Amino acid sequence: MLDRELREAGYSIYKEDGLYVVDVLPGLALCQILYESTAGISRDMKQLLMITVDMAVTTTLTELEAVGAVGELGPWAEDGARSIDTLKRWIEVLREQLMTYQGDHEGFFLKCRQAFPDFIFSKRFPDCLETFKGDLNDFIAVIVSALVSLADDMPECMEQPTTQACMKAFSAMSGYETTMEGNADRKHALTFQFVGKDGAIRILCEPHIKLHCSARAGDSEYYYHRIYFSSAEHAEFEGKTLIGHIGEHL
């Protein structure tokens, strides 16, 4: 079930009391399905739904709206844009919503962590997001687009025989110019602290995606913003991509 996949992936699932009076089948409210005899709904299905609801975190509708709750959980398939039946689709919806985010840097970072569960962000976050020239909201769509490419395209590119070939392949696939630093004297500036199992650990994030434009209509200015990351595999963060900095050119 999707709710089990979400919990195992570290997502919280919320509910509010009004959930029990909502029709989840035509003419049948959730409370009727859970606590009354209803033809055509098996005992196993009722138990499954009851476990899902009981394990959800109780909150208010106002708080649900604040955390940006999306999707509909349950054992019944639903056609349409709100139908979410896999963890992959759940993450896709989070990313789609993140593209249009308008808010402060702390809220954006919180949603980034939800939308990119395979990324580990350094201790520079969320403060580094304030280093964009102008309004961060003008760059949200560009940042998210680049992060989606990093999450989806980089694994294939890493099959290249060298790091340089990997960056070249990623640039071609993503449309974002991506290079190595190339200056050994600057490695210290591109080494970031991450929180590991046994405390802080410093890791070099030399590859960087260049963000030259904003998403603001009519803006033709050339910007020097960067996403610094590590394309190497680290035993401390197995299967994760490390993001050192998103913001001004360091």
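The model is predicted. Across the whole structure, 8 salt bridges are found. Among them are the pairs Lys133 with Glu221, Arg186 with Glu181, and Lys187 with Glu206. Arg226, by contrast, is buried without a salt bridge.

**Salt bridges**

- Lys133 and Glu221 pair through their side chains, with an N to O distance of 2.4 Å.
- Because Lys133 sits in the loop between strand E5 (119-121) and helix H7 (140-157), and Glu221 in the loop between strand E9 (208-211) and E10, this pair links parts of the chain 88 residues apart in sequence.
- Arg186 and Glu181 form another salt bridge, in which the closest N and O atoms are 3.0 Å apart.
- Glu181 has a relative accessible area of 19% and is therefore buried, the cut-off for that class being under 20%.
- Lys187 bridges to Glu206, and their closest N and O atoms are 3.1 Å apart.
- Lys187 belongs to the loop between strand E6 (178-179) and strand E7 (191-196), while Glu206 belongs to the loop between strand E8 (199-204) and E9, so the bridge ties together parts that are 19 residues apart in sequence.
- Within this pair, Lys187 is partly exposed at 34% relative accessible area, whereas Glu206 is buried at 11%.

**A buried arginine without a salt bridge**

- Arg226 is part of strand E10, which spans residues 225-230.
- Arg226 is buried, and the nearest side chain of opposite charge, that of Glu181, is 7.0 Å away.
- Glu181 itself is paired with Arg186 in a salt bridge.
- Not counting residues up to four places away in sequence, Arg226 touches His208, Ile209, Lys210, His212, His245, Ile246, Gly247 and His249.

**A buried isoleucine**

- Ile243 lies in strand E11, covering residues 241-248.
- With a relative accessible area of 0%, Ile243 is buried.
- The contacts of Ile243, leaving aside neighbours within four places in sequence, are Phe119, Ile120, Phe121, Ser122, Phe125, Leu150, Phe194, Ile227, Tyr228 and Phe229.
- One of these contacts, Ser122, is 121 residues from Ile243 along the chain, yet their C-alpha atoms are separated by 6.2 Å.

**Acidic residues at the surface**

- A patch of negative charge on the surface is formed by Asp104, Glu106, Asp127 and Glu130.
- One of its members, Glu106, is located in helix H6, residues 105-115.
- Glu106 has a relative accessible area of 49%, so the residue is partly exposed; exposed would require over 50%.
- Glu36 is found in the loop that runs between helix H2 (30-35) and helix H3 (43-55).
- Glu36 is also partly exposed, at 42% relative accessible area.
- Cys31 and Lys46 are in contact with Glu36 when neighbours within four places in sequence are left aside.

Conventions:
Residues numbered from 1 in each chain as written. Predicted model: local features only at pLDDT ≥ 70, side-chain atom pairs only at ≥ 80, totals over all residues. Heavy atoms only, no water. Patch = residues over 30% accessible without salt bridge, like charges linked within 9 Å, V, L, I, M, F, W, Y side chains within 5 Å. Areas by Shrake-Rupley, 256 points an atom, 1.4 Å probe, with all protein chains shown as cover. Salt bridge = Lys/Arg side-chain N within 4 Å of Asp/Glu carboxyl O. Lys, Arg positive; Asp, Glu negative; His and termini not counted. Charge placed at Lys NZ, Arg CZ, Asp CG, Glu CD. Helix = DSSP H or I, 4+ residues; strand = E, 2+ residues; numbered from the N terminus. Buried < 20%, exposed > 50% of the residue type's maximum accessible area, 1.4 Å probe, protein only. Contact = heavy atoms within 4.5 Å.
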